[in-house]
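Subject: A structure to look through

Hello,

I am passing on a structure that I would like you to read alongside these notes. Please open it first, and then go through the points below with the model beside you.

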Amino acid sequence: MQAVPTNREAQPVSSYFTTEREEEQVADDARESRATVGEPYVDSPRMTCRDVSVYYDNKLAINEVSIDVGCNEVLAMIGPSGCGKSTFLRCLNRMNDTVPSCRVEGSIELDGLNIYDKSVDVVPLRARVGMVFQKPNPFPKSIFDNVAYGPRIHGLTDNKADLDEVVEDSLKRAGLWAEVKDRLSQPGTGLSGGQQQRLCIARAIAVGPEVILMDEPCSALDPIATAKVEELIAELRQQFSIVIVTHAMQQASRVSQRTAYFHLGDLIEVGSTERIFTNPRHKLTEDYITGRFG
Ligand SMILES: Nc1ncnc2c1ncn2[C@@H]1O[C@H](COP(=O)(O)OP(=O)(O)OP(=O)(O)O)[C@@H](O)[C@H]1O
Ligand SMILES: [Mg+2]
């Protein structure tokens with residue numbers, strides 16, 4: 001049986017609007033509602049993302065997102081599961097290149113370099129924009145070799161003494177040196193979960209990145225290990241830009257200066273973390289942070 005059309009379906013589109021001005025107004029409102037609310041841009045950004053859309057085959061996962069990553073800031077990305085946070089994060093160092101069905105449109109620049117330019121080699125790019133994953137993933141190597149791996153493959157040190165210094169310095173900055181200095185030759189996988197995550201952070205730091213991407217870095221950690229990683233993030237900001245995806249809103253408010261709220265592939269709102277959590281402007285942001293959605 002054929003469905004009976006509703007009045008709305010039966011009407012020609014033009015008759016929804018009584019005047020041309022009203023029609024224009026509705027079109028403006030539609031555009032407005034798609035545009036990101038708040039302050040997605042910063043002065044002197046480290047990374048600029050403009051009109052970034054991401055597809056898996058024909059499925060749109062990120063819809064024309066424009067945002068900057070500032071220098072020495074922690075930018076938190078929050079939003080309900082499946083809204084595209086990890087997808088967008090992975091665009092920032094071309095990690096999505098490893099997913100054959102994934103296509104990225106728009107532009108992403110790091111210090112003015114279009115990272116999707118054909119001439120860009122992803123290996124040095126991923127040293128400049130490092131990544132720490134949800135589950136700590138040390139290499140099946142010694143603690144020393146985990147940290148020395150990057151400097152070795154990128155040829156960053158001239159001799160063993162230099163390499164020792166980089167490893168020690170990275171482990172110190174990751175807050176792990178005191179705990180591991182007497183067992184550097186033991187496997188990284190033998191450390192506790194929280195220590196392994198700090199080892200992965202040391203590994204990212206060792207190659208002198210400008211940006212560190214973190215995808216729910218504490219979700220597998222207990223509260224004490226989480227607190228250590230959060231402290232570390234606050235310190236690392238002095239030197240790097242950090243983009244962190246988190247489901248823990250308390251964590252976003254503790255560690256970040258700016259927060260971006262994603263919803264079904266759209267970047268809904270960006271602003272100072274304090275404002276987003278106390279005075280969100282968009283209803284969807286408000287619904288999410290007050291627990292009405294997600
Ligand atoms: N490799 C993939 N192939 C196909 N679709 C994918 C792939 N990875 C993600 N998607 C889809 O893209 C959308 C965004 O997923 P994404 O993992 O980025 O969300 P998320 O916000 O990180 O979610 P979560 O909070 O659960 O980690 C989802 O609809 C997801 O199913
Ligand atoms: Mg994710």
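What follows is a description of what was found, from the overall picture to single residues.

This is a predicted model, in which local features need pLDDT of at least 70 and side-chain atom pairs count only at pLDDT 80 or more, while totals for chains, interfaces and linings use all residues. Residues are numbered from 1 along each chain as its sequence is written, and chains are lettered from A and ligands numbered from 1 in the order in which they are written.

The protein has 12 helices and 11 strands, where helices (H or I, at least four residues) and strands (E, at least two) are DSSP runs numbered from the N terminus. Of its 294 residues, 39% count as buried; a residue is buried if 20 or more other C-beta atoms lie within 10 Å of its own, exposed if 12 or fewer, and partly exposed in between, with C-beta atoms placed from the backbone. Among contacts between residues at least 6 apart in sequence, 69% join residues at least 24 apart, a contact being two residues whose C-beta atoms, placed from the backbone, lie within 7 Å.

One open sheet has 4 strands in the order β3-β2-β5-β6, with antiparallel pairing; two strands pair if DSSP finds at least two bridges between them. Its edge strands, each pairing on one side only, are β3 (59-70) and β6 (113-114). The antiparallel pairing of β5 (residues 102-110) with β6 runs over 2 bridges, and E109 stands opposite N114 in β6.

Elsewhere, β7 (residues 129-132) and β8 (residues 211-215) pair in the parallel sense over 4 bridges, with M131 opposite L213 in β8. In a regular strand the side chains alternate between the two faces of the sheet. In β7, V129 and M131 point one way and G130 and V132 the other, and all are buried.

In soluble globular proteins, nonpolar side chains tend to be buried together. Leaving aside neighbours within four places in sequence, V243 is in contact with V69, L75, M77, L89, L92, V211 and L213.

Helix α8 is largely enclosed by the rest of the structure, because 12 of its 13 residues are buried. Those buried residues pack against β7, α5 (143-153), α6 (160-173), α7 (177-180), β8 and α9 (223-236).

Which residues surround ligand 1? They are Y56, A61, G79, S81, G82, C83, G84, K85, S86, T87, V99 and S101, each with its C-beta atom, placed from the backbone, within 6 Å of the ligand. Helix α3 (residues 85-91) gives the most to this shell, with 3 residues.

Finally, E39 lies in the loop between β1 (37-38) and β2 (45-56), and E39 counts as partly exposed because it has 14 C-beta neighbours inside 10 Å. Not counting residues up to four places away in sequence, E39 touches V270 and G271.

With best wishes
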